[in-house]
Amino acid sequence: MQNMRLIPPEDAPEEIARRLAIIDAQAQLNAILGINPGALAEAQACQRLRRRGQLLGPLHGVPLILKDNIACAGLPLTAGCQALAALRPAGDALVVRRLRAAGAIILARANMSEFAFDVRSRSSLGGDVLHPQFPAITAGGSSGGSAAAVAAGMAEGALGTDTGGSIRIPCSYTGLVGLRPGVRRAQMEGIAPLSLSKDTVGPMVHSVQDAALLHAIIQGQSPAALESRSLQGVHLGVIGALEGQDPQQGEVWQAALSRLARSGATLVEIDLPILGEIEVATCLSLCEFRVGFDAWLKQHPGAPRDLRAIVASGQFLPEFLPLLTQMLACDTLKTPAWLAGRQLRRRLRQALAQRAEHERIDGFLYPTVSRIPDSLEKMPPGCAPELAAISGFAAITLPCGRTRSGFPVGLEILSPAADEAPLLALAAACENAFTRP
C-alpha cells in the first residue's frame with residue numbers, strides 16, 4: 001500500500017516556506033487564488049507546541065489547500081467569481097474547523113470552475129487551471145485548482161467539492177485519489193452550494209490511506225489506519241457501458257482489470273438499463289442552484305443581494321450567461337423537473353442496491369471519465385460521474401495506470417454501503433494491486 005504523505009512535519013515553518021516557494025514557482029498553472037497571510041505564523045505556533053511535546057492532532061502543522069467555495073475565516077470566499085471578490089466569511093466552514101482542530105494549516109485558496117459549474121476549471125478571477133504535467137490541457141473541474149495544487153507539490157492534500165464529478169474528474173486527470181463521500185447536508189455548512197441534493201465535500205490526495213485520514217477528520221471521526229484487505233473473494237461489478245471509446249484509455253483500463261483479476265478479484269459484468277435515463281436526465285443543479293445560492297448569499301453581509309444582482313453586475317464569465325439565465329428561471333423547488341430528478345435518484349439507488357445484493361458485488365467499477373482531455377476546453381466526461389452524484393452513494397477514484405503519452409487514467413469504485421469504510425478498504429486493496437511490482 002502506498003505510504004501516507006499527510007504526516008506532521010518536523011519543522012512546520014520550513015515546510016510552509018517550501019510549499020510557498022513551489023506555489024510561487026508554479027504560478028502559471030493558475031491553481032491558486034490567494035495565500036493565507038497567517039500561514040507562517042500558524043506554523044511557528046505549531047513548532048512552539050511541538051517543542052513542548054504538544055501536538056494538536058494527526059495533522060499538526062500539515063499545510064492543506066481549500067477550494068475557494070469553502071469558508072475560511074479572514075480569507076476571501078469567492079467561488080471564482082469577480083462579483084464575490086470582496087466577500088469575507090465571518091467564520092470557518094464546519095470541515096475547516098475540524099481540520100484546524102486536528103492541527104492543519106490552511107495554506108491557500110484554490111481556483112475552481114466559477115460557481116462550480118463546469119468539469120473544466122475556468123473562472124473570472126483566476127482564468128484556466130492548467131494541468132501540471134500537460135499545461136496545454138485542462139486540469140479538470142470544478143475542483144481543478146485543488147487537484148493541480150496537490151499534483152504540483154504545493155501541498156500533499158486539499159479539499160474539493162463534488163456535485164457531478166468535481167472531485168473525481170480532476171483527480172483522474174492529475175493522477176490523484178479523490179473521494180466523493182455520501183451526501184450529508186450537515187457537512188456542507190459554510191460551503192457555497194450548487195445542488196442541495198448532490199453537493200458533498202471530500203479529500204484530494206496521493207493515496208487511499210491519506211484520503212481515509214482526511215475523510216475521518218472532516219467527518220468528525222477518530223482517524224484509524226485502514227486494515228489491509230486482500231482481493232481474494234472480492235466481487236467487482238464492471239459496468240461495461242461506461243468504458244467509453246477512447247483507445248488510449250481503453251488499453252490502460254483493460255490492463256487494470258487484468259491486474260485486479262490476477263490479484264484475486266472476481267470481475268462480474270454488470271448491465272444497468274437505467275443508464276439511458278441518466279444520460280438524458282435534467283441535472284438537479286439547474287433546479288436547485290438559485291434557491292440554495294440566494295439563501296447562502298443572505299448569510300454574508302456585504303455580499304451581492306442575490307443571484308439576479310450578480311447577473312446584473314456582469315462580473316462573471318460571459319460564457320456562463322445562458323446557464324445563469326436558465327437558473328434564474330428556477331426560483332422554487334418541487335417543480336415537475338425537480339420531482340422527476342428526485343424520483344430518478346430513488347430508482348437508481350434501488351437498482352444499484354439490488355444488483356449489489358443479487359450479484360454479491362463489493363463495489364462497482366468503471367473509468368472515472370469516458371475519455372482523456374486533449375485541450376483547455378471542456379471535455380464531456382460521460383455519465384459515469386453521475387452514478388454517485390445522482391444516487392448519493394460514495395465513490396472514489398484512484399489512478400490505475402497511464403497512457404502511452406503519460407496521461408493518468410482513473411478508475412472509479414462506487415459502493416452502495418451505508419458508510420465509506422468498506423469503500424476505502426476496497427480502494428486500498430485495488431491501489432495495492434496497481435502499485436505492487
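Is Asp92 buried or exposed in this structure?

1. Asp92 counts as buried, at 18% relative accessibility (buried is under 20% relative accessible area, exposed over 50%, partly exposed in between, with a 1.4 Å probe and protein chains only). Its side chain meets that of Arg100 in a salt bridge of 2.7 Å, N to O; a salt bridge is a side-chain nitrogen of Lys or Arg within 4 Å of a carboxyl oxygen of Asp or Glu. Arg100 is partly exposed, at 25%.

2. A word on the source: this is a predicted model, where local features need pLDDT of at least 70, side-chain atom pairs count only at pLDDT 80 or more, and totals for chains, interfaces and linings use all residues. Residues are numbered from 1 along each chain as its sequence is written, and side-chain values use heavy atoms, leaving out hydrogens and water.

3. You will find 28 salt bridges in the structure. One of them joins Arg122 to Asp128, with the closest N and O atoms 2.9 Å apart. Arg122 is buried, with a relative accessible area of 15%, and Asp128 is buried at 16%. Salt bridges that share partners link Asp118, Arg120, Arg122, Asp128, Glu319, Glu377 and Lys378 into one network.

4. Do look at Glu359 too: its side chain meets that of Arg355 in a salt bridge (3.5 Å, N to O). Glu359 counts as partly exposed, at 30% relative accessibility.
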